[in-house]
There are 2 protein chains.
Amino acid sequence: MSLVLDSAAQDLLFREARTANSFSDEPVTEEQVQAIYDLVKYGPTAFNGTPLRITLVRSAEARERLVQHLAEGNQAKTLAAPLVAILSADNEFHEELPRLLPHFPQAKDLFFAERPAREQSSLVNASLQAAYFIVGVRAAGLAAGPMTGADFAGIQKEFLDDDHTPIMVVNIGKPGEDAWFPRSPRLSIDEVITTV
Amino acid sequence: MSLVLDSAAQDLLFREARTANSFSDEPVTEEQVQAIYDLVKYGPTAFNGTPLRITLVRSAEARERLVQHLAEGNQAKTLAAPLVAILSADNEFHEELPRLLPHFPQAKDLFFAERPAREQSSLVNASLQAAYFIVGVRAAGLAAGPMTGADFAGIQKEFLDDDHTPIMVVNIGKPGEDAWFPRSPRLSIDEVITTV
């Protein structure tokens with residue numbers, strides 16, 4: 001009642017959406033990926049830096065290489081998922097700031113001249129965008145299966161470079177049979193929110 | 001067309017939603033905060049760890065203390081915002097894992113016995129939840145004004161403790177006059193997504 005978003009959308013994005021562990025055979029199309037990106041690219045980031053980068057692992061050969069770096073419990077479902085995405089943080093995102101932040105191009109040199117400052121900002125803001133992406137996958141009527149049980153150093157070496165830090169791997173598709181565990185508990189609002 | 005989410009909801013959450021720099025006087029109620037939390041608490045996090053903590057800065061006295069630690073350009077709008085939230089990452093979130101992850105309580109000791117591993121996980125997952133929170137604020141028909149231009153060490157000392165790392169401050173309310181800059185550009189899909 002206090003929300004403006006209609007309840008079907010609430011269910012689609014949060015209440016009924018679940019982390020899927022199995023998927024149907026239905027493919028995830030390029031059109032769906034394009035529509036997801038065209039929606040979630042508007043999610044806010046610091047200085048509009050948008051450091052998230054996405055590697056879609058479509059070929060069977062690349063999928064085999066990826067699962068070598070995943071926790072054993074994540075391998076079979078990742079091999080079977082219609083689409084798999086490696087989400088990473090671009091630590092050199094500041095190079096694009098003059099174009100992304102035309103009213104304040106000097107932000108690039110004022111705040112991000114040093115690599116550690118860039119890495120910190122990139123990690124936080126790519127994580128924000130990873131969440132927007134998960135919401136976007138759900139907005140397409142698909143289930144996401146985000147995973148952090150992985151050898152990320154191995155994934156970085158195999159698929160990325162020194163400037164891109166992987167933050168999660170996401171399986172994407174229509175949910176299959178017995179796709180999820182029972183919903184785990186959440187903290188009560190009093191455990192999360194305090195007022196001063 | 002490739003999305004299931006209706007276009008009014010797309011607009012509300014992403015396409016027409018904007019980072020607000022001014023707000024109306026209309027208050028943000030506890031009922032709205034409760035509704036936002038009850039929606040976005042379901043957003044997925046690693047091991048269901050849900051490390052985000054939220055400090056609502058409601059009193060005038062606390063608001064004055066907060067703005068001392070914000071970049072000068074962020075001070076006036078933060079004093080005037082109907083509600084301000086400090087979002088932080090709980091680096092001791094693992095203490096709740098036996099309750100939050102009842103089917104795998106040993107995750108607490110297997111993966112999070114060491115503080116650096118906890119801090120890294122907490123930062124990424126609290127950032128995911130910060131994005132869910134921003135989406136939730138928009139779902140309530142409110143505008144969010146997330147800010148990272150701040151002395152976070154000062155904010156931590158003033159409002160939090162050594163176990164809670166602030167990641168952003170968010171102004172919340174109905175947008176006021178001239179609430180936003182023109183939309184800044186986004187990267188094209190080919191600059192963000194590659195396929196292997």
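**Close-up views of a two-chain predicted model**

**View 1. Helix H8 of chain A on its sheet.** Helix H8 (residues 152-159) of chain A lies across E2, E3 and E4 of chain A and runs at about 90° to E4(A). Helices (H or I, at least four residues) and strands (E, at least two) are DSSP runs numbered from the N terminus. Angles run from 0 to 180 degrees between N-to-C directions, with axes as lines fitted to C-alpha atoms, for helices over the stretch in contact. Contact here means heavy atoms within 4.5 Å. This is a predicted model, where local features need pLDDT of at least 70 and side-chain atom pairs count only at pLDDT 80 or more, while totals for chains, interfaces and linings use all residues. Residues are numbered from 1 along each chain as its sequence is written, chains are lettered from A and ligands numbered from 1 in the order in which they are written, and side-chain values use heavy atoms, leaving out hydrogens and water.

**View 2. An open sheet with strands from both chains.** Follow the 5 strands in the order E3(A)-E4(A)-E2(A)-E1(A)-E5(B); their pairing is mixed. Strand E3 (143-147) of chain A and strand E5 (193-195) of chain B are the edges, each with a single partner strand, so one side of each has no neighbour in the sheet. From one strand to the next, the twist averages 25°. Two strands pair if DSSP finds at least two bridges between them.

**View 3. The E2-E4 pair in chain A.** Strand E2 (residues 83-90) and strand E4 (residues 164-173) of chain A run antiparallel and are joined by 8 bridges. To find one of them, look for Ala89(A), whose bridge partner in E4(A) is Thr165(A).

View 4. Asn48(B) sits in the loop between helix H2 (30-40) and strand E1 (52-57) of chain B. Asn48(B) is buried, with a relative accessible area of 8% (buried means under 20%, with a 1.4 Å probe and protein chains only). Its side chain makes a polar contact of 3.0 Å with that of Arg186(A) (a pair of N or O atoms within 3.5 Å, one able to donate a hydrogen and the other to accept it; residues adjacent in sequence count only if both atoms are side-chain atoms). Not counting residues up to four places away in sequence, Asn48(B) touches Ser184(A), Pro185(A), Arg186(A), Leu100(B) and Leu101(B).

Methods. Buried < 20%, exposed > 50% of the residue type's maximum accessible area, 1.4 Å probe, protein only.
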